[in-house]
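The points below may be read alongside the sequence and the coordinates.

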Amino acid sequence: MDYATLLQVLDSTVRLATPLLLACLAGLFSERAGIVDIGLEGKMLAAAFFSAAIAAITGSVWLGLLAGIAAALVMSGIHGLASITFRGNQLISGVAINFLASGITVLIAQDWFSQGGRTPSLMGGGRFESITLPFAEALRGVPIIGPLYYELISGHSILVYVAFLMVPLTWWILFRTRFGLRLRAVGEAPEAVDTAGVSVVGLRFAAIAICGLLTGLAGAYLATGLQAGFVREMTAGRGYIALAALIFAKWRPWYALYACLLFGLLQAVALRYQNIDLGGFIIPVQVMDALPYILTVVILAGFVGKAIPPRAGGEPYVKER
Amino acid sequence: MNDTPAIELKGISKAFGPVQANKDISIRVMPGTIHGIIGENGAGKSTLMSILYGFYKADAGEIWVNGSHKDITDSQAAISAGIGMVFQHFKLVQNFTVLENIILGAEDGPMLRPSLARARGVLKQLAEEYELSVDPDELVENLSVGHQQRVEILKALYRQADILILDEPTGVLTPAEADHLFRILDHLRAEGKTVILITHKLREIMEITDTVSVMRRGEMTATVKTAETSPEQLAELMVGRKVLLRVDKTPAQPGEVLLDVQNLRHVDDAGVERLKGVSLQLRAGEVLGIAGVAGNGQSELLEVLGGYADASGAVTMKGVSLPLSGAGADGSARRKAGIGHVPEDRQEEGLIMPYTAWENTVFGYHRDPHYQSGMLMNNARIKEEAQDKMTRYDVRPPNPNLAARNFSGGNQQKIVLAREIERDPDVLLIGQPTRGVDIGAIEFIHQEIIRLRDKGKAILLVSVELDEIFSLSDRIAVMFDGQIMGERMPGETDQTELGLLMAGVTERPEGKLIDAVDASLKEKEAREARQHD
Amino acid sequence: MDKMPAWADAVLVPLISILLAAFLSALVILAIGENPVEAFKLMVDGALMRSTGWGYTLYYTTNFIFTGLCVAVAFHAKMFNIGGEGQAMIGGLGVALACLFIPFPHWSVALIVATLAAAAFGAAWAFIPAWLQAKRGSHIVITTIMFNFIAAALLNYVLVNLLRPVGAMEPATANFPAATHLPTFQDMFASEGNPLFRGSPANVTFFLAVAACVAFWVLIWRTKLGYEIRAFGHSESAARYAGISPVRITVIAMLISGGLAGMMALNTTMGEAERLVLNATEGAGFIGIAVALMGRSHPVGVFLAALLFGFLYQGGAELALWTNIPRELITVIQALVILFTGALDNMVRLPLEKLFLATRRRSS
Amino acid sequence: DPALIYDLGGKFDKSFNEAAYNGAEMFAKETGGSYKDIELQSEAQREQALRRFAEAGFNPVVTTGFSMSSPIASVAADYPDTKFVTIDGFVDPAEHPNVLSILFSEHEGSYLVGMLAAMASKSGTVGFVGGMDIPLIRKFACGYAQGAKAVNPDMKVISNMTGTTPAAWNDPVKGSELTKAQISQGADVVFAAAGGTGLGVLQTAADEGILSVGVDSNQNYLHPGKVLTSMLKRVDVAVSEAMTAGTELETGVQVLGLAENGVGYALDENNAELITDEMKTAVDAAREKIVAGEIEVHDYSADDSCPALNF
Ligand SMILES: Nc1ncnc2c1ncn2[C@@H]1O[C@H](COP(=O)(O)OP(=O)(O)OP(=O)(O)O)[C@@H](O)[C@H]1O
Ligand SMILES: Nc1ncnc2c1ncn2[C@@H]1O[C@H](COP(=O)(O)OP(=O)(O)OP(=O)(O)O)[C@@H](O)[C@H]1O
Ligand SMILES: [Mg+2]
Ligand SMILES: [Mg+2]
């Protein structure tokens with residue numbers, strides 16, 4: 001593999017990792033606060049649809065982004081209502097959200113646009129254009145560094161940079177601020193937070209609001225950054241992969257980055273090298289397709305060791321039975 | 001003396017679903033006193049205090065603090081009213097450091113750094129003033145229970161509590177640690193602070209409190225000056241009848257060795273060695289009591305002998321060696337070998353809470369062909385026998401169709417005892433037989449244990465209650481840090497000696513007891529921390 | 001003392017939840033400019049008013065009974081098996097292999113062997129996640145999701161590269177031989193003068209599903225294995241104390257679960273399509289989650305909930321057939337049913353409990 | 001009235017099913033007639049829809065997608081008076097006299113757009129992005145590769161399939177990534193035969209400044225001046241004709257190739273500038289030769305192999 005190809009693969013990795021990363025960090029905030037979220041997929045899907053739909057209607061990608069975030073926030077709100085307010089089962093609520101998003105997006109799309117559950121293709125200001133970073137053109141000629149900067153680092157949409165900046169930001173929030181301390185505490189021992197005079201419900205809603213915000217960004221990136229419009233089920237299981245990445249990352253921001261990059265890389269490689277020929281024996285494309293999933297299982301089975309989730313995760317905080 | 005009460009509760013009521021935990025309770029606690037609260041399990045003590053601390057919301061009633069009506073809707077309100085509470089089950093974040101736990105909810109600003117820095121300073125001061133030293137940077141999960149309790153007290157003091165509530169603080173302490181705690185409470189009282197102390201131990205009430213309130217079935221039955229009462233009177237107020245505080249028994253007639261344990265070692269999931277070469281022998285017709293502070297390997301000893309934790313070493317039952325890991329090392333194999341087991345935690349281990357009582361009466365023995373008919377379970381027979389057992393063990397209500405969770409703690413314990421004792425095992429392992437059991441039921445359980453002993457069975461008794469160990473055991477072994485520190489005969493030792501052994505101190509120290517205990521515990525913590533890495 | 005009578009918990013709460021879901025669904029239908037009453041009428045008419053409609057309703061019901069029981073048995077052991085979908089796919093593979101490669105003399109023999117094959121294949125697919133959960137603590141929710149994806153890829157590979165007849169377009173197997181064709185309701189109940197269930201896919205597997213409900217009940221509440229599964233589900237620590245091996249129960253419960261999911265393929269593959277197509281499962285594995293939740297993991301409840309979802313499917317199909325309401329409406333209704341009966345049921349239960357407590361206090 | 005049943009991809013997939021829809025609309029406009037249509041939601045519904053329509057008296061019942069052939073085979077005999085049409089599917093006419101099977105020679109149309117792609121390519125590399133990996137799509141790819149290599153035997157053809165599940169028809173993100181990967185491997189014309197996924201392919205090609213080739217319907221308008229051409233599969237015509245014929249429809253098997261104008265390439269104002277006269281001449285000549293039988297385009301589905309491309 002030559003250098004240019006390598007850069008291409010890595011470039012593709014960055015693009016594919018971005019929605020995973022945003023969703024993974026979203027899950028991180030939620031699960032660190034003790035709310036397990038398998039509804040990431042649905043939130044992303046809802047966000048993808050509404051961002052594309054509003055961008056298509058208004059012609060403004062920024063309004064679209066806001067709409068996407070709002071949609072994901074509404075989904076988060078439902079999740080919160082079910083799992084925080086009414087102390088329901090978080091997994092079931094997540095499953096319901098995935099169903100809901102998958103149905104409602106197409107239903108509304110059909111009602112609004114009559115294009116078979118699709119939004120119209122976004123033009124011009126309806127999409128996030130890629131940004132050329134300063135000096136990218138100028139440096140392009142410099143060997144090694146130039147192409148690296150031009151191809152890999154420059155030339156992504158703004159949401160990609162936002163996603164990557166979210167990693168240190170998440171770390172900082174979690175480990176350097178009062179809010180982060182409380183958030184982590186509420187995922188470990190909500191009763192400690194409660195008796196310390198801090199509202200468990202408030203913290204958890206804040207966490208899932210952040211989760212909604214980030215899945216909103218992820219969905220909007222899919223529909224208006226990576227693509228130019230929404231099609232049904234366009235998240236294609238990314239929410240689940242993000243969840244796997246979160247476990248792989250042991251609920252830590254930097255590890256989340258690495259995990260998402262790894263999954264992105266796997267997808268990029270699978271896309272680029274289908275039917276790998278190993279001296280006569282051809283690895284079928286299905287194997288390459290299934291590889292990220294197989295790898296997830298392998299990783300869960302062995303390499304992460306015991307990933308210890310936040311202790312209060314998945315359980316509603318019940319004081320009185 | 002100031003006669004505005006520090007705390008006055010008026011007409012507090014609280015129901016949990018169908019359970020009326022507190023019924024129209026009124027109480028006054030005077031400032032600068034230590035006020036004891038006693039009562040059977042489930043009497044509603046913790047509930048009342050949790051209401052005062054804003055953890056639960058009362059259905060009715062008022063809270064007055066220092067003469068003014070306070071609307072305590074959450075813990076924040078309680079904290080700002082100057083109330084601090086150390087719960088029965090600590091409310092700490094296990095994988096946070098001590099410092100982080102201290103500042104949680106009481107941070108100075110949105111950034112952590114300055115809060116942590118200030119807390120470090122304050123903590124140092126408090127540590128000196130009250131002899132409450134803990135390493136501020138240690139993770140709470142690496143601390144002994146005693147030290148975790150210190151963190152809880154420090155948390156309250158850091159929030160400048162004037163009124164400190166302690167819910168059964170001594171259950172998890174060595175006697176020396178408990179003494180130390182009482183000195184701290186004394187000190188607090190001397191400073192004019194108010195302390196509310198919940199405990200089951202009448203001795204402690206008599207020793208330190210100024211006033212004592214008694215609760216029964218959700219109601220406040222009496223409040224008396226400690227100086228004007230006696231343990232016997234308190235016990236009667238608690239249960240509503242005269243109680244025998246001692247166990248009647250004849251001297252043991254030890255027979256052959258039934259259970260022989262040699263050099264037992266066990267490493268837990270986290271990789272910490274919990275049993276470090278335990279050896280003991282158990283004879284027919286005797287009760288061997290294992291004393292020790294919770295967390296020193298007694299639980300693991302029971303789990304290993306009960307067959308559900310792997311270990312190395314050698315265990316023989318009537319000369320037949322038992323496998324300690326792999327196939328054959330499970331609860332049902334042990335039961336077949338004649339070892340019955342009343343586990344320490346009836347709710348987490350001994351019973352399936354949603355199962356009916358009759359289903360629970362065969363739990364662990366459900367594979368016995370006696371309870372099968374063909375491919376199916378013989379439920380009719382199981383129910384029939386359950387009814388019989390429940391009547392004979394005076395389980396109330398004697399209704400086998402009720403779910404286990406609907407019985408009170410004492411009655412749950414009776415169901416477990418009935419199940420295990422009725423199998424007539426040669427060896428019975430019993431952990432904390434009377435934890436959370438009211439005085440009346442304790443009497444019954446103790447009698448049953450002695451009756452079994454007198455039938456020539458061997459009993460291994462693990463309890464954190466020294467009183468219980470003393471009154472039941474024919475021999476006492478003390479465990480500390482996964483080892484047996486020594487064996488004593490009950491008549492030839494006293495609480496102080498056992499207390500020191502429980503802290504790992506084998507020789508009576510020159511200076512202060514608590515320092516020796518502290519040093520010993522520190523050493524243990526350091527060892528464990530090293531093992532974690 | 002419980003807070004509420006058992007019947008209220010088992011019947012009243014789900015009923016009110018469903019009504020709430022139905023009400024919201026009606027709002028959704030209104031929002032897309034259709035008439036909810038008309039829509040409901042169409043659904044009832046198409047699903048319940050004619051024998052053919054029943055034939056379809058019961059066909060879907062059969063699928064959902066199997067996947068519902070699949071999820072329910074895992075629930076009893078406190079596991080969340082989201083992998084029913086993949087297990088059913090692989091179960092279908094087992095059915096196809098049996099039907100294609102064994103020359104059966106009669107459908108009844110074929111059904112027995114295919115049932116074993118379906119269950120074995122489904123169970124095998126559940127085994128790895130189960131084993132990983134038991135031995136390595138890998139989160140079974142995640143692993144079973146992953147195994148759904150992997151099953152899809154595997155099935156695709158097998159159908160495209162191995163089982164597809166040469167020259168055939170579709171990634172599907174050849175038609176099964178006639179001896180493996182299962183009697184449909186039409187074969188069983190229709191007569192010359194009375195063409196019942198004409199052309200509808202309901203077939204003998206429905207009775208197999210009903211039998212599975214009975215067997216499930218016996219297993220869970222009458223055998224020592226069921227006793228152990230439930231005990232393990234309620235408290236792992238207690239199970240260990242009693243000598244119930246967590247590894248054994250985890251694996252066995254998941255094997256049963258996977259086997260039940262696999263058996264769903266009998267209905268779709270052997271009963272309906274009479275060949276194995278790529279998307280024979282069509283999300284029934286996921287519907288099973290809702291069915292098990294609504295049915296409170298009890299076979300009677302599962303049966304009723306499966307019937308409800310069968311009605312939704314068939315009614316929804318009729319709706320799509322005669323109106324402009326997109327098929328996704330049914331997905332939305334399902335989502336609402338899952339949400340209200342599963343995740344939000346405390347919203348209904350808590351006020352009801354209060355009500356019951358209050359009336360009890362007053363009467364006592 | 002006639003009825004139309006779309007395959008699981010859905011009515012508005014911008015390609016195959018949408019072409020059928022356009023055909024039905026064409027029929028409605030030209031004859032003033034009306035028709036009934038439905039999008040399927042599940043496998044079992046295939047037979048159900050056929051029966052319900054037949055019972056309700058719709059005739060003929062037109063269906064799209066090869067998956068409809070076996071349900072039709074099992075239903076047709078029960079409704080001898082109803083005529084069924086399966087587009088892309090095959091039902092034995094000897095057994096079921098009331099069924100019309102319409103098959104397209106996609107490989108021939110693909111051959112032509114393959115030639116155009118090769119002629120438009122400056123890099124000597126062209127790409128193909130398929131949807132789900134099924135024989136039908138390989139048939140497209142194989143024809144395309146043959147066409148490209150006919151122009152230049154050294155032409156490099158990169159072929160990728162989006163996936164192995166039906167989701168592959170609807171994953172424009174992956175389509176887009178595949179396109180980018182092919183671009184980085186030198187492709188400067190990409191042919192998408194991938195349903196909804198193809199939209200991502202066309203979009204990315206337009207964004208990255210290379211040419212793309214649409215499929216089934218005329219997709220040139222999606223990105224004017226950036227879509228080289230579209231491989232037409234005249235499902236619309238087939239549907240419209242079948243509906244117009246009504247009950248008089250002649251059953252049997254129809255194979256629609258270049259000769260029947262069943263497949264072809266799209267030329268309109270959107271791509272007029274992209275197709276030079278030279279290119280047009282060459283392609284039209286090839287078309288004549290194929291019609292005349294002088295060039296034989298290998299059909300992948302005939303023997304599951306392709307001389308011009310490895311899968
Ligand atoms: N969170 C809760 N939910 C439901 N019921 C509760 C809860 N907490 C306590 N109860 C019930 O309320 C009653 C009083 O319990 P409480 O814990 O106050 O007793 P206690 O006197 O502190 O007993 P102990 O000596 O065991 O600490 C008991 O019947 C108990 O089962
Ligand atoms: N709890 C028990 N108490 C006393 N004897 C028992 C008990 N469990 C089993 N046994 C005896 O040991 C024999 C073998 O026990 P085992 O645990 O293998 O039971 P099982 O019914 O054969 O189990 P499985 O159904 O799993 O094969 C039983 O037939 C019985 O005689
Ligand atoms: Mg208490
Ligand atoms: Mg059939």
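Predicted model: local features only at pLDDT ≥ 70, side-chain atom pairs only at ≥ 80, totals over all residues.

Between which chains does ligand 2 lie?

1. Ligand 2 lies between chains B and C. The residues around ligand 2 from chain B are Lys336(B), Gly364(B), Tyr365(B), Arg367(B), Asp368(B), Pro369(B) and Arg423(B), while Lys224(C) and Arg248(C) come from chain C.

2. The polar contacts of ligand 2 involve both of these chains. On the side of chain B, a polar side-chain atom of Arg367(B) is placed 2.5 Å from an oxygen atom of ligand 2, and for a polar side-chain atom of Lys336(B) the corresponding distance to an oxygen atom of the ligand is 3.2 Å. From chain C, an N or O atom in the side chain of Lys224(C) stands 2.7 Å from an oxygen atom of ligand 2. On its own, ligand 2 has 620 Å² of accessible area, and the protein covers 51% of it.

3. Which classes of residue form the shell around ligand 2? Six of its residues are charged, two are nonpolar and one is polar. Among the residues around the ligand are Arg367(B), Asp368(B) and Arg248(C).

4. Several atoms of chain B approach the oxygen atoms of ligand 1. A backbone N or O atom of Ala43(B) lies 3.2 Å from an oxygen atom of the ligand, and a backbone N or O atom of Gly44(B) lies 2.9 Å from one. Ser46(B) contributes through its side chain, with a polar atom 2.6 Å from an oxygen atom of ligand 1. The protein buries 75% of the 630 Å² that ligand 1 exposes when taken alone.

5. The overall form of chain A deserves a separate remark. Chain A contains 13 helices and four strands. Its radius of gyration is 20 Å, in agreement with the value near 20 Å that a compact globule of 321 residues would have. Along the principal axes, the C-alpha atoms of chain A fill a box of roughly 65 × 50 × 45 Å.

6. Of the 321 residues in chain A, 63% are buried. Among contacts in chain A with a separation of 6 or more, 78% join residues 24 or more positions apart. The accessible surface of chain A amounts to about 10700 Å², and carbon and sulfur atoms account for 68% of that surface.

7. Is Thr195(A) buried or exposed? Thr195(A), which belongs to helix H9 (residues 190-195) of chain A, has a relative accessible area of 5% and is therefore buried, the limit being under 20%. Apart from neighbours within four places in sequence, Thr195(A) is in contact with Tyr53(B), Phe55(B), Ser75(B), Ile79(B), Phe87(B) and Lys91(B).

Definitions and conventions: Residues numbered from 1 in each chain as written. Chains lettered and ligands numbered in written order. Heavy atoms only, no water. Polar contact = N/O pair within 3.5 Å; in protein donor to acceptor, adjacent residues only side chain to side chain. Areas by Shrake-Rupley, 256 points an atom, 1.4 Å probe, with all protein chains shown as cover. Near = heavy atom within 4 Å. Nonpolar A, V, L, I, M, F, W, Y, C, P; charged D, E, K, R; others polar. Helix = DSSP H or I, 4+ residues; strand = E, 2+ residues; numbered from the N terminus. Rg over C-alpha atoms; globule rule 2.2 N^0.38 Å. Buried < 20%, exposed > 50% of the residue type's maximum accessible area, 1.4 Å probe, protein only. Contact = heavy atoms within 4.5 Å.
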